[in-house]
Amino acid sequence: MKRHTAKDGGTLSRVAVIIDAGSHYGRECMLGIARYARENSNWRFHLHPRWPTVWRLDLPRWRGDAVIAQVADQGMAESLRALSVPIVNISSVLRDLPFHPVIPDNIKAGKLGAEHLLRMHHRNYAYLGFTGYTYARDIGLGFARRLQEAGFQCNAYSPRAGAGDGSEWARDF
């Protein structure tokens, strides 16, 4: 396998980036990674525009040095684990993965959301989130805890993930 040389004469590290560019979070992460790489590293990227379907076909054949991934499910986690390279996970969908996490503090994000609404002097609060996802559960937990500290109740509603067009929860809401 041919190794490429960096501008400074060193070797380029081949980094696979498996991120959902269709989401705002994914695009912002990709911009940050690109900015870091441009300013601080000798990385050569392996990207595929049709995430998440094609990576399952490409990944077993890929020979690189590291992966930055938005680990979305257990199948993806198992495939990545088999690579024997450093993996950085930028998703908080799953807990307790054996990868290096670079993720937001979702409990703190929920607390900050509650603090914003408290400053606006609202009296009634609710949280709508897909609690089947770790990050949404944590945001809701931080939100409800902060409101409870301030002496308020938080009504919570959790539609099923992928529950269609939303009409079911809209009727209940």
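User: What is the relative accessible area of tyrosine 135?

Analyst: Tyrosine 135 has a relative accessible area of 32%, so the residue counts as partly exposed. Buried means under 20% relative accessible area, exposed means over 50%, and partly exposed lies in between, with a 1.4 Å probe and protein chains only.

User: Before we go on, what kind of model is this?

Analyst: This is a predicted model, in which local features need pLDDT of at least 70 and side-chain atom pairs count only at pLDDT 80 or more, while totals for chains, interfaces and linings use all residues. Residues are numbered from 1 along each chain as its sequence is written, and side-chain values use heavy atoms, with hydrogens and water left out.

User: Back to tyrosine 135. Where is it found?

Analyst: Tyrosine 135 is found in helix H5, which covers residues 134-149. Helices (H or I, at least four residues) and strands (E, at least two) are DSSP runs, numbered from the N terminus.

User: Which residues make a nonpolar surface patch?

Analyst: Phe130, Tyr133 and Tyr135 make a nonpolar surface patch of about 250 Å². Patches are made of residues with over 30% relative accessible area and no salt bridge; like charges are joined within 9 Å, and nonpolar side chains (Val, Leu, Ile, Met, Phe, Trp, Tyr) within 5 Å. Accessible areas come from the Shrake-Rupley method with a 1.4 Å probe, and for residues only the protein chains shown count as cover.

User: Let us turn to the rings. How many aromatic pairs are there?

Analyst: A search of the whole structure finds 6 aromatic pairs. Tyrosine 127 and phenylalanine 143 form a tilted pair, with 6.1 Å centre to centre and 40 degrees between the planes. This pair links distant parts of the chain, since tyrosine 127 is in strand S6 (residues 126-128) and phenylalanine 143 is in helix H5, 16 residues apart. Rings of Phe, Tyr and Trp (its six-membered ring) pair if their centres lie within 6.5 Å; planes under 30 degrees apart count as stacked, over 60 as edge-to-face and the rest as tilted.

User: Are tyrosine 127 and phenylalanine 143 buried or exposed?

Analyst: Both tyrosine 127 and phenylalanine 143 are buried. Tyrosine 133 and tyrosine 135 form a stacked pair, at 5.8 Å centre to centre and 15 degrees between the planes. Tyrosine 133 is partly exposed, with a relative accessible area of 30%.

User: Which residues do ring pairs link into a cluster?

Analyst: Ring pairs link Tyr36, Trp43 and Phe45 into a cluster.

User: New topic: how many helices and strands are in the chain?

Analyst: The chain has 6 helices and 7 strands. An open sheet of 5 strands has the order S2-S1-S3-S4-S5, with parallel pairing. Two strands pair if DSSP finds at least two bridges between them.

User: Why is one side of S2 and of S5 left without a neighbour in the sheet?

Analyst: Strand S2 (43-47) and strand S5 (100-101) stand at the edges, each with a single partner strand, so one side of each has no neighbour in the sheet. Strand S3 (residues 66-69) and strand S4 (residues 87-89) pair in the parallel sense over 3 bridges. The bridge partner of valine 67 in S4 is isoleucine 87.

User: And how many salt bridges does the structure hold?

Analyst: The structure holds 5 salt bridges. A salt bridge is a side-chain nitrogen of Lys or Arg within 4 Å of a carboxyl oxygen of Asp or Glu. One of them joins the side chains of arginine 14 and aspartate 65 (3.5 Å, N to O). Arginine 14 is in strand S1 (residues 13-18) and aspartate 65 in the loop between helix H2 (55-58) and S3, 51 residues apart, and the pair links distant parts of the chain. Arginine 14 counts as buried at 14% relative accessibility, whereas aspartate 65 is partly exposed at 27%.

User: What does the salt bridge of aspartate 138 and arginine 95 tie together?

Analyst: The side chains of aspartate 138 and arginine 95 meet in a salt bridge (2.5 Å, N to O). Aspartate 138 lies in helix H5 and arginine 95 in the loop between S4 and S5, so the pair ties together parts that are 43 residues apart in sequence. Aspartate 138 counts as buried at 12% relative accessibility, while arginine 95 is partly exposed at 45%.

User: Which residues are linked in a network of salt bridges?

Analyst: Glu115, Arg146 and Glu149 are linked in such a network.
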